[in-house]
Amino acid sequence: MKRVAVFASGRGSNLSALLRDQAAYDSYRVALVISNVPGSGALNLATEASIEALLIPSRGIERSTHESLVLAALQSRSIDIVCLAGYMRVLGSAFIDGFKKPILNIHPSLLPSFPGMHAQKQAVDAGVRWSGATVHFVDGGLDSGPIILQEPVEVCAEDDEDRLSSRILQAEHQIYPRALDIVARGVYRLQGRVVRF
Ligand code: GRF
């Protein structure tokens, strides 16, 4: 059973999805939630679920100081996998290299299209017919690591950012627990940038 830390800055609906499915998959347990935002929904959800909730603020704090506090928290709790779920702070290579274990992220587009902020608005503005959700490993770049799972979502003519976001969010909630289960069971191998099952 892999011990998972979820990093979240906002409401935490992906955290909820990971918690919802953890008993069914039985390969991972969310043991820790870390947020950099005081009073975030994710911290409240963790407390309600009796999971350790840690606030490690990042605003106005030097990156190296913040990341070493986070790393120490992970190491002291024997965390095996980190899941970023709406964590609005880019993690530097010192953190990624220091952790040395899988770090996953969920992104609301079919990467490599529309990395970065407001991915759903980028999709609407670009006029694509399909967008979706991607779970990928985190590397040093922006939403650029090897892709684990993707789920397409059709973009409808009447979609605006909010409407598309809510449908993509439902897809996110399906694929994030599945991708985490694959990584937790270790039933994949990395061939270059390609994740093979
Ligand atoms: C999701 O859309 C996720 O893809 C993005 O941030 C949002 C977080 O939503 N990285 P929530 O806090 O999990 O509800």
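## Helices, sheet and packing in a predicted model

Helix α6, spanning residues 161-185, has 25 residues and reaches 35 Å from its first C-alpha to its last, close to the 36 Å expected at 1.5 Å a residue. The expected span is 1.5 Å times one less than the number of residues in the helix. Just after α6, G186 takes a positive phi of about 70°. Helices (H or I, at least four residues) and strands (E, at least two) are DSSP runs, numbered from the N terminus.

This is a predicted model, in which local features need pLDDT of at least 70 and side-chain atom pairs count only at pLDDT 80 or more, while totals for chains, interfaces and linings use all residues. Residues are numbered from 1 along each chain as its sequence is written, and side-chain values use heavy atoms, with hydrogens and water left out.

### The sheet

The model has an open sheet of seven strands in the order β3-β2-β1-β4-β5-β6-β7, with mixed pairing. Two strands pair if DSSP finds at least two bridges between them. The edge strands, each pairing on one side only, are β3 (52-55) and β7 (147-154). From one strand to the next the twist averages 20°. Strands β4 and β5 run parallel and are joined by three bridges; V82 stands opposite I103 in β5.

Helix α2 (residues 41-48) packs on the sheet, where it touches β2 (28-35) and β3. The direction of α2 makes about 155° with that of β3. Axes here are lines fitted to C-alpha atoms, for helices over the stretch in contact, and angles run from 0 to 180 degrees between N-to-C directions. Contact means heavy atoms within 4.5 Å.

### Nonpolar cores

A nonpolar core is a set of buried Ala, Val, Leu, Ile, Met, Phe, Trp, Tyr and Cys residues joined through side-chain atoms within 4.5 Å. Buried means under 20% relative accessible area, exposed over 50%, and partly exposed in between (1.4 Å probe, protein chains only). In soluble globular proteins, nonpolar side chains tend to be buried together.

The largest nonpolar core has 38 residues, and those with the most contacts inside it are V6, V30, C83, L104 and I148. Helix α6 gives the most to this core, with ten residues. Leaving aside neighbours within four places in sequence, C83 is in contact with V4, A5, V6, F7, L18, L104, Y176 and L180.

D21 is located in helix α1 (residues 13-25). This residue counts as buried because its relative accessibility is 16%. Not counting residues up to four places away in sequence, D21 touches Y28 and P177.

### Aromatic pairs

A pair of aromatic rings is described by the distance of the centres and the angle of the planes. Rings of Phe, Tyr and Trp (its six-membered ring) pair if their centres lie within 6.5 Å; planes under 30 degrees apart count as stacked, over 60 as edge-to-face and the rest as tilted. A search of the whole structure finds four aromatic pairs. Two of them are tabulated below.

| Pair | Centre distance | Plane angle | Class |
|---|---|---|---|
| F7 and Y87 | 5.2 Å | 65° | edge-to-face |
| F95 and F99 | 6.3 Å | 15° | stacked |

F95 and F99 both lie in helix α4, four residues apart, or about one turn of the helix. F95 is buried with a relative accessible area of 1%, and F99 is buried at 6%. Ring pairs link F7, Y87, F95 and F99 into a cluster.

### Backbone exceptions

Most residues other than glycine have a negative phi, and most peptide bonds are trans. The bond from L111 to P112 is cis, with omega near 10°. P112 is found in the loop between β5 (103-107) and α5 (119-126).

F114, also in the loop between β5 and α5, has a positive phi of about 60° although it is not a glycine. F114 is buried, with a relative accessible area of 15%. S78, in the loop between α3 (63-76) and β4, has a positive phi of about 50° and is not a glycine either. At 46% relative accessibility, S78 counts as partly exposed.
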